[in-house]
Amino acid sequence: MENRKPFQLRSILIIYNAIQVVFSCWLFYEACVAGWFAGYSLRCQPVDYSMSPMALRMARGCWWYYFSKFTEFFDTLFFVMRKRYDQVSTLHVIHHGIMPVSVWWGVKFTPGGHSSFFGFLNTFVHIIMYAYYMLAAMGPKVQKYLWWKKYLTVIQMIQFILVMVHAFQLLFKNDCNYPIAFAYFIGAHAVMFYFLFSGFYRQAYTKKQKDDEQKRLIAHKKEINENGNAKHMNGNTQMYENPGTMEDSYSTTRQRVYVGANNWICQPVNVN
């Protein structure tokens, strides 16, 4: 693999990301109709452990959300096959490594209720994210319209802020008897991911922008210096090409001084 050329997976990437968009849309829809647009409270929502159709539908949606954390491993596989090792960052490894384990606890003990707010938001973000990846895989003709790439990270950071606020509010008032340990658990994940994504944003966009500005400034100064040197050299060249210039510039008249009785009298005399 080390000496092999990177795989060209354009068609596969377009199909894969299109499937992920559809899958995320379905998960988001299920979260809406089974809870968050069907009576769930943003303030405090208990877990429904009954066998009611809505409770089972939410539990099923949570299980499929857990399953989606494994399909996302294909992201890493495709990065490696294309030798895009820079994309397999610390953020990427931590995010994709932790999520399957973390979501398992939620599906096992709290399939629905307050903590499902995280999955509800996350599936919506993934719709936008995988749509971007699908468009980016279509090549340069489409990529030039993807100026909004950095705003994906901004949306993800907003997502984690909302999850933090939503989870930690139960620390002050938990009037629905939701398992408080999961509020800590979800909130801590949101804090960790917020700082990871904000660090990535600073490194990828803010710092890069400053570096680009510094490079442009250095290039501008270099251009000014080169132009100044070129003008100086041109001036010297003209001087040597016209050797009479210096002599001609020297006055061809001299002054002969006579001392009069009361005045200095200067009379120009032509020496040619």
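## A buried ring pair

Tyr 16 and Phe 78 are both buried. The model is predicted. In it, these two residues form an aromatic pair with edge-to-face geometry.

Why is Tyr 132 classed as buried? Its relative accessible area is 10%, and the class requires under 20%. Trp 148 has a relative accessible area of 23%, so Trp 148 counts as partly exposed.

## The aromatic cluster

Both pairs belong to one cluster, linked by ring pairs. Its members are Tyr 16, Phe 74, Phe 78, Tyr 130, Tyr 132, Tyr 133 and Trp 148. Across the whole structure, a search finds 32 aromatic pairs.

## Nonpolar cores

The largest nonpolar core holds 40 residues. Within this core, Phe 118 and Phe 120 touch the most other members. At least two core residues come from each of H1, helix H2 (53–71), helix H4 (90–109), H5, H7 and helix H8 (180–241). H1 gives the largest share, with ten residues.

Leaving aside residues up to four places away in sequence, Phe 120 touches Phe 28, Ala 31, Cys 32, Trp 36 and Phe 37. A second core is separate and has seven residues. Among them are Cys 44, Leu 170, Phe 182 and Ala 183.

## Annotated transmembrane regions

An unreviewed UniProt entry annotates residues 88–107, 119–139, 151–172 and 178–201 as "transmembrane region". Two of these spans can be described from the model.

Residues 119–139 are 86% helix and 0% strand. The end C-alpha atoms of this span lie 31 Å apart. For residues 178–201, the end C-alpha atoms are 34 Å apart. That span is 92% helix and 0% strand.

Definitions and conventions
Residues are numbered from 1 along each chain as its sequence is written. This is a predicted model: local features need pLDDT of at least 70, side-chain atom pairs count only at pLDDT 80 or more; totals for chains, interfaces and linings use all residues. Side-chain values use heavy atoms; hydrogens and water are left out. Rings of Phe, Tyr and Trp (its six-membered ring) pair if their centres lie within 6.5 Å; planes under 30 degrees apart count as stacked, over 60 as edge-to-face and the rest as tilted. Buried means under 20% relative accessible area, exposed over 50%, partly exposed in between (1.4 Å probe, protein chains only). UniProt positions are given in the numbering used here, feature names are shortened, and annotations may be inferred rather than shown by experiment. Helices (H or I, at least four residues) and strands (E, at least two) are DSSP runs, numbered from the N terminus. A nonpolar core is a set of buried Ala, Val, Leu, Ile, Met, Phe, Trp, Tyr and Cys residues joined through side-chain atoms within 4.5 Å. Contact means heavy atoms within 4.5 Å.
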